[in-house]
Amino acid sequence: MSTPIRVEGLSKRFGEFEAVKGVTFTAEAGSITALLGPSGSGKSTVLRVIAGLDAPTSGRIWMGDEEQTFKTVQERRVGFVFQHYSLFRHMNVAQNIAFGLSVRKVPKHDQRKRVDELLELVQLSGFRDRYPDQLSGGQRQRVALARALAPRPKVLLLDEPFGALDARVRQDLRRWLDDLHRELGVTSLLVTHDQDEALELANRVVVMHEGSIEQVGSPNEIYNDPATAFVAGFVGSASVLHGHVVEGHVQFGEHRVGGAGHLEEGTEARAFVRPHDVRVFAGDRTGGSLEATVERITTLGWLSRVMLRLPDGQVLTAELPNDELEGVELGARVWVDLRRARAFQARDAVTAAIVADG
Amino acid sequence: MSTELRTPRLSGSARRLLVHGGFTAIAILYVGVLVVAPLIGIAWAALRGGLSTWTATLSQPDVVHAYVLTGIITAITVVVSSVLGVVVALVVARDRFPGRSLMSAFVDLPLAVSPVIVGVMAVLLFGRGGWFEPWFSARGIQILFALPSMVLVTMFICIPFVIREVVPVLQELGVSEEEAASTLGASSWQTFLRVTLKNIRWGLLYGIALTTARAIGEIGAVLIVSGSITGKTETATLYILRAFDQNHRPGLDRPARGYRGVQAAGGEEAADMTCGGIR
Amino acid sequence: MSAQTLERPSVPRPGGGAGPRPWVTVRTAMARWGLRGTALLYLGLMIVLPTVVVVARGFGSGVSAFRDALTTPGAQEAIVLTVVLAAVTALINVVFGTELAYVLVRYRFPGRRLLSTIVDIPFAIPTLVTGVMLRALYGPISPVGAFLGRHGIQVIFAQLGILLALLFVTLPLVVRAVQPVLLELDETEEEAARVLGASRWLTFRRVVFPKLRPGIVAGGLLAFARALGEFGAVVIVSGNIIGKTLTAPVLITQLINGGKPEDAAAVATLLFGLSFVLVLVTERLLATGRKETS
């Protein structure tokens, strides 16, 4: 019952502003694909164009073998979940869920049955006569999901579905959506700016930036093998070290970090280092290769974040379990070992560094 | 599946364009026939008479007196209904007491009552056998067929305009800015002048504009209470009506001198109003 | 009115309900009562008192007032004509006024602001001048009037002329009643309906219209009430032919001028009763409309 979505060379221009610049990707049948990017990256526009809410400037859209580009919204029969729920405020929960069925002239009896099914599915059976303003944010979003699923759409499009909810509810709903998807297996395309959400829920992640795709890959690839400086900076946190490429390493001051084998010798480069890839040793120099001074220690529960100043003035952030903190104290001289780093050409890295800072 | 790209000429967006265009055309056509055409009509009629008819008509002492009288009534009405209208608006928007919703219903009452009925009301109150007639006549104060009743009926009709414009603005505003001002040491009066009044000024101005327009244009109520005495209680609108009545030949409508004068006066007034009465 | 009476900064937020009042100083209490008193006195003297007196006098004589009203020569025809024309006016303007408000709020096109300004013009023009304008346009001496006359369409001194005058005067009432409701609508609800397969028309009927209804009804009733009582725009256009183009408000002025204030009062009371009921209904609808949207 589920269908892949294919988007080819999709562009969307609003007056002078090019929101989406030639985007091509496929959302596999039955999987969850996440469109991840900062606000203004064009990801919501892509979703709205797929749904038919906005017309593309150029490009084509397919669902399975059927081209959708020239179809109207109502012919596409997609399920769409809006960020702010957009429930019909003058209809109760049951009427909201039944809307998509009633406009397709499904017999009253079948409508009722389907509504009951969905209420059960979203665990809101006792709420069928409530109005949207009598529900909590999480309940509203579940109703919105039930409403989208009621006409049995072949694809489900979710536009920042948890964006308006607080952190705790978001966590719960995320897990719940994951279970639901396992049960239904409907092709889902999820737009989000929350990397945790994308990495946790999606089978594949499409990272977008300024209207273009930066990388398409599994959550693991996106996190551990970022293709561009932007992805390295946007997904997960990272320290950025500036230097030159020397013999496949990025050299800054007297130190070097590996991982720059693909870059041209002598050019300027940036190395991205994840906080958990930094090991810190107090005392003798056994394992470490870099010398650093501890500038600040912040506790994160069982972890601590340690801000380190390198001799050439650059800053490196490490995250250590609290039981490895022995000897690491404010002002102490320590040795640092970098387990892994990703290097990028300096030009590409500028925007990424800004994102990483923000 | 070819990857060749083309700019799609969406049937959906074409349909949208058609629907938008159609609806827009209907809207413009309706307003055009109903509102714009008569405006053009009067401009044409007024200009056809030439400038001399204008000056001739407007220099007649009766006409001058009529305009002055309209000015006086309008000025009094605008001042009273603006000041007291703001007070009522504050109470309706901010205060809570039993009967408040009844109060806002009464505010809207003049919108629903015919000005002619308002005139009849005044006659019933101040005319022979009226409730207040003995009291005023004992003191020799003339209400009916004189300025007081004309001002009163005009005020009655104009009460809702300022209130209805200011109340929603006040409601949307809330009291946080005023609270901020008072914590910064402003007195109630200072807070009102420098925060509240500033925030409601556009709504208030629009309300005043509506009041002015209505006060100038009022005829039904004034016709009944004034007696329409030429040179004494005849306002500008009453003058226009008399001019029409005098030259009234049903079915013929000859362009006599007075009639052209009316057109000129009416035309000028229309021009005045369209410039001055709109926000 | 003293300086302190105008503002009470510590009054609870509107809609905050009548919870426990924060510390009420003597001064703010005085201010509140000063404001409240001024407002009550103003509205009481200006609106409530005359209304009560007229209602007491009009309905005090009971059924006989209505019998008088209906036996006054021409009164029956005048009232029927007035009510019918007002209803037709309200109906036409509800349809076109709503359409106009929708176009003004939702579409972007060159001249939109101009169109919006033009809609307000009837508020700004003296109603009598509206009559003058219609006569200038459709009178027999104008080319338009002459043209229509040759094709057997009479506007001036006919019911069509009265209808045009009433439509002109009441158009902004409907548009301005519907417009704010439209502005507050959440457009994504309409998108949700479209994604779920509803056509444009169905979306309007099932999602947009239910929310516009209070505004439309309120605007329609205001237009109806206004049309019921309109004098200035009608008197010049109608020709005041008894049983054909004589409306109730014009009849009342004729009765007053003819020295029959009792007859005038009888007809006025009947008209007033109709308007009063209308205001109550409108208030009620607006109140429920507000409750629903908040």
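The legends below describe close-up views of a predicted model.

As this is a predicted model, local features need a pLDDT of at least 70 and side-chain atom pairs count only at pLDDT 80 or more, whereas totals for chains, interfaces and linings use all residues. Residues are numbered from 1 along each chain as its sequence is written, chains are lettered from A and ligands numbered from 1 in the order in which they are written, and side-chain values use heavy atoms, with hydrogens and water left out.

View 1. Where pLDDT is low, the predicted coordinates should not be read in detail. Chain A is divided into domain 1 (5-227) and domain 2 (230-357), with bounds that come from an automatic or database domain assignment. Taken over C-alpha atoms, the centres of these two domains of chain A are separated by 38 Å. In chain A, 17 residues of domain 1 are in contact with 12 residues of domain 2. About 1300 Å² is buried between the two domains of chain A, with carbon and sulfur atoms giving 66% of this area; buried area is the accessible area (1.4 Å probe) that two parts lose on being put together, summed over both.

View 2. Helix α1 of chain A spans residues 43-51 and is mostly covered, eight of its nine residues being buried. Helices (H or I, at least four residues) and strands (E, at least two) are DSSP runs numbered from the N terminus, and buried means under 20% relative accessible area, exposed over 50%, and partly exposed in between (1.4 Å probe, protein chains only). Among the buried residues of α1(A) are Lys43(A), Arg48(A), Leu47(A) and Ile50(A). Just after α1(A), Gly52(A) takes a positive phi of about 90°.

View 3. Tyr85(A) is found in the loop between β6 (79-81) and α3 (93-102) of chain A, and its phi is near 65°, a positive value in a residue other than glycine. With a relative accessible area of 11%, Tyr85(A) is buried. Phe145(B), in the loop between α6 (133-138) and α7 (147-173) of chain B, has a positive phi of about 55° although it is not a glycine. Phe145(B) counts as partly exposed, at 43% relative accessibility.

**View 4. The interface between chain A and chain C.** Here 23 residues of chain A are in contact with 19 residues of chain C. The area buried between chain A and chain C is about 1900 Å², and carbon and sulfur atoms give 59% of it. Of the area that chain A buries against chain C, 28% is supplied by Gln74(A), Arg89(A) and His90(A), more than by any other three residues.

**View 5. Ser238(C) and its surroundings.** Ser238(C) lies in helix α10 of chain C, which covers residues 232-238, and is buried, with a relative accessible area of 0%. The side chains of Ser238(C) and Asn240(C) are joined by a polar contact of 2.4 Å; a polar contact is a pair of N or O atoms within 3.5 Å, where within protein one must be able to donate a hydrogen and the other to accept it, and residues adjacent in sequence count only if both atoms are side-chain atoms. Leaving aside residues up to four places away in sequence, Ser238(C) touches Phe157(C), Ala158(C), Ile162(C) and Thr245(C).

**View 6. The helical chains B and C.** Chain B has 12 helices and zero strands, and chain C likewise has 12 helices and zero strands. Buried residues make up 50% of the 279 residues in chain B and 57% of the 294 residues in chain C. Of the contacts with a separation of 6 or more, residues 24 or more positions apart account for 73% in chain B and 70% in chain C. The domain assignment of chain C gives domain 1 (27-58) and domain 2 (63-293), whose centres, taken over C-alpha atoms, are separated by 30 Å.

Technical notes
Contact means heavy atoms within 4.5 Å.
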